[in-house]
Amino acid sequence: MKKASLVALLVIAGVLVLIFAKERFREKEEGAPIDNCTLCHQPQGDPSPSHPVRVIGCSICHLGNPFAREEKRAHLGLVLNPGSLKVARLTCGRRGCHEDLPSRVEKSIMATNQGILTALQNRWPHDQTESVREVSQLISSSKGRSMALDHYRKMCGGCHLWKTRFRWKGEMGRRGGGCTNCHILELSAPRQDLSHKRFLHPQLTTRIPNENCLKCHNRSARTGLSYLGRFESEGYGTPFEGGQPNNRRLSGGRFYLELRPDVHHQKGGLACIDCHTEQGVMGDGNSYVHMEEQVDIRCKTCHEPEVKPLGGKEELAQRLKRVNGKQPPMDHIRGILSTKGSPLYHLRISGDNEIRFYRKLDGKEIAFRSLRKDQIHGAPYHKRLTCQACHSAWMPQCYGCHVALLKGEGQRDWLNGKVSPGRWVEGRSYLRFERTSLGIWPNGQIGPFAPGCQVFLDVFDEQGQHETENAHLSLTMASWDPHTTALSTPTCMACHLDPKVLGLGDGSLKVTEHGLEFTPLYESHASGLGIHFPLDAFVSPEGLPLQQASRKGSRPFNLGELKRITRVAYCLSCHDTYRDPIYLEWEKNFDRFQSGKAYCEGLK
Amino acid sequence: MKSLILHWIWIIPVISLFPLLSLALPTDSTDFRSCLECHNGIERMDKDHAFPCMTCHLLPEDRGQPLDTHAKVMRHPAAPEHVDVLCGACHQREISLLRNSLHYTLAGIIGQTRYLWGAQEDPMPKYAPSKHPVLKPLPPSTSMPETVADLVDDLLQRRCFRCHLGQVPPQRKGLYRGLGCGACHVYYADDGVYKGGDATLWGKRGYPEKHAFAKPIPVEQCLHCHNGPRVGADYVGLFEHDYHMSYRTPWRGGSLPETIYLMDHHRLKADIHQERGLLCVDCHDQGDVMGRGKLSVSQQEAISVQCEQCHGPWDGDKKWASSDSEQADKGFLDRQGRMHPVPLWERSVPAHGVEEMRGLHCTSCHAAWGFYDYGPSLLRDDRADLSRWGPWRLQGDERIAGLFDQTGRFLETVDGPGPWFLSWQFRRWENLHLGVDNKKRIVPFRPHYQYMVSFVDKKGRVVLDSVIPQRGDKSGKGWAYMPFYPHTVRPRGRSCEDCHGEKLAVGKGYRGEDWGPDLPLTKAEEPVYPRLRLLNQTEAKRVMEKTPRFRQMRHRILREEMGVQREDPKKN
């Protein structure tokens, strides 16, 4: 009897041990796992405090089959990068999570690249075989083989949100990936072998560091680079370090010089996202053609703020602030809205309308300056000037973009990842950053212009012969905010009498009663460019535009404006401060001058 | 005995073959002294040199007997090694003049560079590239250089001396020239092709355009050396492209542009004198180019031609000069026989009415642009694999250009002392600086140079890593800004604001301290020779400040140009 019960006890104990052991085999963490993924994959660290793995599991983002316990079945439908726009509606944007975002982001210009595609196709009028509005059309079909679109695929198509992340090494590999493109912290995501059980889970953030923006925004207008004070240089790589070109490098074999950063970065330590709101970057659900239509922030938004009760936006402001995670507590009863109505949640308004600015990356308070309403900024004769016209310290100018298509060679198409026939090569004439040209922006105000782009296109057939019928010129001057804001501004004469700033180009300018006499320095024709005006000439001394402008409605100064601006130099030789008495009552004094009642001989 | 007779049967025929053999051997019946048999149709150099060819082209010891090899024919009779023997009988005076001139001694280049690199205590002439009665040859380069001073002679010999009269130049477009006196006096076309009457030489590359003395010497001849970022190239409006491959543009003609002087170039506005057809030799006479007998130290004191000689001095006295004789009221007669009206200095020109401008050299205002190359980096790379330098293969140096193909691919490993790679930080043609020259005039100054020297030995050890040299007299950095007279003269000077109010122009650099580590290169450094200097504080202040006097003058100038009349102000 004793023996039988002992055996029974042992059997029961054994069965219990087996059951528990089997159960324990399934439990690797404290508490019950959500999916079976963690049987094989043990992430170290959560993607973010709001995405804890042990609460939400893995498949809520990465899909796959959370119930399966062996690899092939578990990995069916698995998504490595949940942020990819191809699956975002099922992952980040699933019901109950970030529902509104995928459709907004898909329409945003970083996903559609509408501006780039429109400009390219518009400037390639001799090859209008097809036309495409958005990048997604190019990915999902085999469309897009015209020269303009082939150029896009190979030379521009690496910078949009539909691009697959990590297919290539380096900067190109890090670009793309939908939501992940911006929201990932790169340093937390080394390339790892995921077949190992333990691995570092990449971290996500709402406090997006500048490096994420700079992956793409270091080309073309180079706003990201300029903001940090970097100027893509003439490529010498000097001073040499360690017996070779130095480490001040950019992707694509380029180098940079260090100039002055934007004052917001230099003095304030502001990141890109301190100005660029989530609505401005991810879009408001509308599909815009041009970047400036989507950007919802202007200098005025902060520097000439309109404080108002936020009303219905208060809740959104609170939520955004919470999601940021670094902001001090504050109410949002009153606040400032972006141009599209997004609340600037990192600004605190106190009782007397005093504004406090808190950096988004670390929550530090930054001294805030509102624009003084003084003689300078209230001057009626300068009311057409944008902030950027005076307050941009420099602007990257890339003169002469020589583009060649070599049909006999191949190059990778960044949209589908495959090499296809036709290689694009780019060269340039020369670079500058000094003495930014001015012209009329699309909004009618005066602002900076720089080449964007001055294309000299040459096509070579499969045998390397030049196809003269396809050679094409498209010279455009573009306007943008250079992101090189400075407190100091140029002297009066630096704009009023500098031919390069006026858009005539560098050279010798004489202002006479009959008009402008101008002798340019740069001899384009003798330099082999096939044009008869210098590369830096936006307008002729007779007021005729010599190059296209990048937007409808933007243009160089016309003759009347050129004459008016230069003739003021006559006054500026003496009256060259804003506080000069003649400017304080401008209209009255100008009338006196016009009617001969002013005494203008200069000092005795 | 019988065998002996039998032997003769074959001996005699064999012996008789010997004379026939001599026909097969090269005979000395081809006497290379009968030049005109091949070079039929070749020109006479000129009427004063109507000698037999041998008189110039064979050393005396080779003239007396038949010449069995063409190799003894002197291609360049006036080359420094034998100019005394071949030309000295008549031209001893000119040869002695030339020997003491900068063109022969390169005293400025050698003295300044060796001083700035710490290899000699002052920049005075001590060495010459070819034999000289007083100056010594450069010391041989050390095989294991450790310091910047150890490397300077190697740099001079293998990079700078390509433009020395005694050195055979690269056989590339724009660089073909003769040696010795022939470097100037015998014209080589830019393509180096002989186009004269000699049928044997016709169409061949590496020969003068004609077997004749150039009269007058064309501008292109001077440019065979005075190219690159140097006065000479600016006279015709040439400014080098940046070195990187991406600047090898444009491609309009369906191919890469054709280089000249081993570089691609921008064309900027040329000097007005060049547009009017004046040659270098119209201004620069024998005294300027070949010296006046005294050992020259630098260009500053060697060149004596002044704008005032033709255009009159500041006070406007009429003074004319021409290359042949005084033609007081007719104009300037150039060396091609053309007469040019000469605009004289006039007080009625608004800017000339400013008395303070008297102390400026004409080019301070009338130079439209200049060579502003900031921050040269010189790196000697002795490693066998130089593929990393492919993107910069085109930098005016034949050896480097030859190491890579057109796409920048490295072609062959290198043995022995490696090439000197040159690079810049950035290059500009605008925004001139000012300083004071040895005649106490305010003149344009330029960075010349701001060396950063590196050396990697053949094992890959970085012996020197962008080192800034120290001057030989320990007085400071081996960086200098030097005066130059840009040959980019235009009838209208630059605007007043180009210097007035411009920190850069007075030597204080572009903008301010918070502009990063690259722009301080635009700050002026002390020149090399003691009689030159930068603007002092008072002068800089006068240029920078908008004094009442400045405003008055500026206003007056603008008023006269704009035609504004006080009695009847025009509406804008």
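1. In this predicted model, Arg490(B) and Glu275(B) form a salt bridge through their side chains, with 3.0 Å from N to O. The two residues sit 215 apart in chain B. Arg490(B) is in the loop between β13 (479-483) and β14 (533-534), and Glu275(B) is in helix α10 (residues 272-275). Arg490(B) is buried, at 13% relative accessible area. Glu275(B) is partly exposed, at 38%.

2. Some salt bridges share partners. One network of this kind joins Arg222(A), Glu232(A), Arg254(A) and Arg428(A).

3. Chain B as a whole: 18 helices and 14 strands. Its C-alpha trace spans about 135 × 65 × 55 Å along the principal axes. Of its 572 residues, 51% count as buried. Chain B carries 77 positive and 72 negative side chains, and the centres of these two sets are 2 Å apart.

4. The salt-bridge count over all chains is 73. In chain A, Arg89(A) pairs with Glu106(A), with closest N and O atoms 2.7 Å apart. Arg89(A) lies in the loop between α4 (71-74) and α5 (101-107) and Glu106(A) in helix α5, so the bridge ties together parts 17 residues apart in sequence. Arg89(A) counts as partly exposed, at 46% relative accessibility.

5. Asp506(A) and Arg435(A) also form a salt bridge, 3.0 Å from N to O. This pair links distant parts of the chain, 71 residues apart. Asp506(A) is buried at 10% relative accessible area, whereas Arg435(A) is partly exposed at 21%.

6. Lys86(A), Arg167(A), Arg412(A) and Lys418(A) make up a positive surface patch. Arg167(A) belongs to the loop between α9 (147-156) and α10 (170-174) of chain A. Its relative accessibility is 45%, so Arg167(A) counts as partly exposed.

Technical notes
Residues numbered from 1 in each chain as written. Chains lettered and ligands numbered in written order. Predicted model: local features only at pLDDT ≥ 70, side-chain atom pairs only at ≥ 80, totals over all residues. Heavy atoms only, no water. Helix = DSSP H or I, 4+ residues; strand = E, 2+ residues; numbered from the N terminus. Buried < 20%, exposed > 50% of the residue type's maximum accessible area, 1.4 Å probe, protein only. Lys, Arg positive; Asp, Glu negative; His and termini not counted. Charge placed at Lys NZ, Arg CZ, Asp CG, Glu CD. Patch = residues over 30% accessible without salt bridge, like charges linked within 9 Å, V, L, I, M, F, W, Y side chains within 5 Å. Areas by Shrake-Rupley, 256 points an atom, 1.4 Å probe, with all protein chains shown as cover. Salt bridge = Lys/Arg side-chain N within 4 Å of Asp/Glu carboxyl O.
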